[in-house]
Amino acid sequence: MTTRDTTRETIWTPLDLESEGVGGADELLARLKEMGPDELARLLTQEKGLVFRGFGVTPDRLDEVLDLLLPNRLAYVHGNSPRTKVGSNVYTSTEYPQEFTISMHNEMSYAHAWPARLAFYCQIQPGSGGATPVVDAELWLDSLDHEVREAFAGGVRYVQNLHDGYGLGKSWQDTFETTSREEVEAFLAPTGAEWQWKADGGIRVTSVRPATTRHPVTGTETWFNQADQWHPAGLGDDTAAALAQILPEDDLPQNVTFADGSPIPAEYVVQIRDRGLEHAVDVDWRSGDLLLIDNILLAHGRRPFTGDRRVLVAMSD
């Protein structure tokens with residue numbers, strides 16, 4: 001196996017656009033308009049992530065900024081993370097308990113289609129901790145043992161059990177942002193997924209997806225799946241053991257195997273999770289910050305925090 005000889009500091013260096021005056025959001029909007037969408041796209045592909053800091057963007061100006069950063073904001077349909085919709089396709093970044101680390105992942109890499117860009121906005125700076133770590137997804141792939149990469153070459157099989165309003169995990173209504181079974185089936189039909197409506201009103205969705213993908217501009221191959229987040233071993237021994245006492249594996253809110261249905265060894269899952277976090281670079285938040293990332297080139301997560309923290313996210317194709 002060959003890996004790139006690089007340090008943590010040079011894995012990814014954010015472009016920190018510090019405001020020199022007091023123009024605030026108006027200054028940022030002017031700079032983005034002057035840059036134009038093509039230059040922004042080129043710069044994002046080159047840098048993989050951009051931090052906009054010092055402009056003091058307030059919630060009432062967020063839509064204006066997002067309209068320039070994200071050309072076509074997407075709804076979080078088929079998303080598996082607990083979120084609350086707070087605006088025009090703007091969501092809370094996650095609602096997992098603040099004491100837990102969220103491991104590295106590319107947004108919706110388990111899905112048939114995923115956002116090309118993500119924009120995070122810090123409305124309330126955390127009391128302590130709460131950084132958004134990011135990792136070069138090519139480096140993440142390179143860091144894995146050859147044995148692990150070879151094992152995942154055939155792809156992975158994701159299974160979602162979405163309840164009908166009461167149970168562990170998300171309901172299908174929240175996941176697909178509809179109360180219509182027909183709309184759910186119309187969404188799933190072209191994705192290659194298989195689904196089954198269950199007697200309790202829930203739905204089981206099964207999808208086979210590749211473990212890596214290539215960037216459409218650079219051709220870079222990146223680690224691009226959420227096996228470590230969907231596998232019980234990624235939850236930690238105590239949580240996995242508790243779930244095993246409550247539910248059989250087939251009924252877990254989400255689960256993952258290799259594409260042929262064979263189990264993924266727990267030690268592979270731990271290696272994937274830990275090496276992603278090991279190579280990550282933290283983006284520490286200040287109120288008003290924006291972070292724009294290429295969702296194929298960079299994976300992201302969340303560090304534990306204390307106090308209040310409110311980070312919003314929007315997505316674009």
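Author: Rings of Phe, Tyr and Trp, the last taken by its six-membered ring, count as a pair if their centres lie within 6.5 Å. In this predicted model, the count by that rule comes to eight aromatic pairs.

Reader: What makes the pair of tyrosine 110 and tyrosine 158 edge-to-face?

Author: The ring centres of tyrosine 110 and tyrosine 158 are 6.2 Å apart and the planes are at 70°. A pair needs centres within 6.5 Å, and planes over 60 degrees apart count as edge-to-face; the pair is therefore edge-to-face. Tyrosine 110 belongs to the loop between strand 5 (102-105) and strand 6 (117-124), whereas tyrosine 158 lies in strand 9, 48 residues apart.

Reader: Why is the pair of tyrosine 110 and tryptophan 230 called tilted?

Author: Their centres are 5.0 Å apart, with the planes at 50°. Planes under 30 degrees apart would be stacked and those over 60 edge-to-face, so the remaining class, tilted, applies. Tryptophan 230 is in helix 8 (residues 227-230), 120 residues from tyrosine 110.

Reader: How do you know whether tyrosine 110 is buried or exposed?

Author: Buried means under 20% relative accessible area. Tyrosine 110 has 2% relative accessibility, and therefore counts as buried. Tyrosine 158 is also buried, at 2%, and tryptophan 230 is buried with a relative accessible area of 2%.

Reader: Why does tryptophan 197 count as buried?

Author: Its relative accessibility is 18%, and the limit is under 20%, so tryptophan 197 is classed as buried. Tryptophan 197 touches Trp172, Arg181, Val184, Glu185, Gly202 and Ile203, leaving aside residues up to four places away in sequence.

Reader: What makes the approach of arginine 181 to tryptophan 197 a charge over a ring?

Author: The charged end of arginine 181 is 4.3 Å from the ring centre of tryptophan 197 and sits over the ring. The distance limit is within 6 Å, and the charge must also be within 35 degrees of the ring normal. The side chains of tryptophan 197 and glutamate 185 are joined by a polar contact of 2.7 Å, against a limit of within 3.5 Å.

Reader: Why is strand 10 placed at an edge of its sheet?

Author: Tryptophan 197 is found in strand 10 (residues 194-197). The open sheet has four strands in the order 10-11-9-14, with antiparallel pairing. Strand 10 and strand 14 (254-258) each have a single partner strand, so one side of each lacks a neighbour in the sheet.

Definitions and conventions:
Residues are numbered from 1 along each chain as its sequence is written. This is a predicted model: local features need pLDDT of at least 70, side-chain atom pairs count only at pLDDT 80 or more; totals for chains, interfaces and linings use all residues. Side-chain values use heavy atoms; hydrogens and water are left out. Helices (H or I, at least four residues) and strands (E, at least two) are DSSP runs, numbered from the N terminus. Buried means under 20% relative accessible area, exposed over 50%, partly exposed in between (1.4 Å probe, protein chains only). Contact means heavy atoms within 4.5 Å. A polar contact is a pair of N or O atoms within 3.5 Å; within protein, one must be able to donate a hydrogen and the other to accept it, and residues adjacent in sequence count only if both atoms are side-chain atoms. Two strands pair if DSSP finds at least two bridges between them.
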